[in-house]
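Please read it with the structure open.

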Amino acid sequence: MEVHNPVGFWNRLGARIIDGILMGIVTGIISAILFGEFANDDYNPLDGIGLLYSILLPLFWYGYTVGKRATGVRIVKKNGENVGIGNMLMRELVSIFVYTLTLGIGLIVSTFMVGLRHDKRAIHDFIGGTYVTYDPPEKNEYAEY
């Protein structure tokens, strides 16, 4: 299937930064309420909120996260349809494993892939069978929900 309107490095980075700031604020506030500290260096159960956010929100919001919506991009399946739970689990969880296993080299390779490939797909896009596009959801997709 053909990739339509793929998104390059800078817009994807901008969306990640916005999402990171949002998740930092939200988890910081919750942490302050529950533990009395806005942020600490120790692991706490709230660390998984960002991962759940990046997996679940695109399922229910046509491939968008807040950062992606703000930058006008969204995640879709390779065939252009809305992502499913399998796509998002593979894209997020398996890619974390791959990037960790390669000691971050896979992440660097992914950065170059997004910058240099014509379809702008990174390793996590290949793993999840997805790509990031500028195309908005079609009108009939809204009617499904």
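**Notes on helix packing**

1. The crossing of α1 and α2 is right-handed (left-handed would mean the near helix is turned anticlockwise from the far one by less than a right angle, right-handed means clockwise). Helices here are DSSP runs of H or I with at least four residues, numbered from the N terminus.

2. This is a predicted model, where local features need pLDDT of at least 70, side-chain atom pairs count only at pLDDT 80 or more, and totals for chains, interfaces and linings use all residues. Residues are numbered from 1 along each chain as its sequence is written, and side-chain values use heavy atoms, leaving out hydrogens and water.

3. Helix α1 covers residues 9-35 and helix α2 covers residues 49-60; their axes come within 10 Å and cross at roughly 135°. Axes are lines fitted to C-alpha atoms, for helices over the stretch in contact, with angles from 0 to 180 degrees between N-to-C directions. That angle makes α1 oblique to α2 (under 35 degrees is roughly parallel, over 145 roughly antiparallel, 65 to 115 roughly perpendicular, the rest oblique).

4. Which residues of α1 and α2 meet? From α1 come D19, L22, M23, T27 and I30; from α2 come I49, G50 and Y53. Contact means heavy atoms within 4.5 Å. Five of these residues are nonpolar, two polar and one charged (nonpolar: Ala, Val, Leu, Ile, Met, Phe, Trp, Tyr, Cys and Pro; charged: Asp, Glu, Lys and Arg; polar: the others, Gly among them).

5. The axes of α2 and helix α4 (residues 85-101) come within 9 Å and cross at roughly 155°. So α2 is roughly antiparallel to α4. This crossing is right-handed.

Technical notes. Helices (H or I, at least four residues) and strands (E, at least two) are DSSP runs, numbered from the N terminus.
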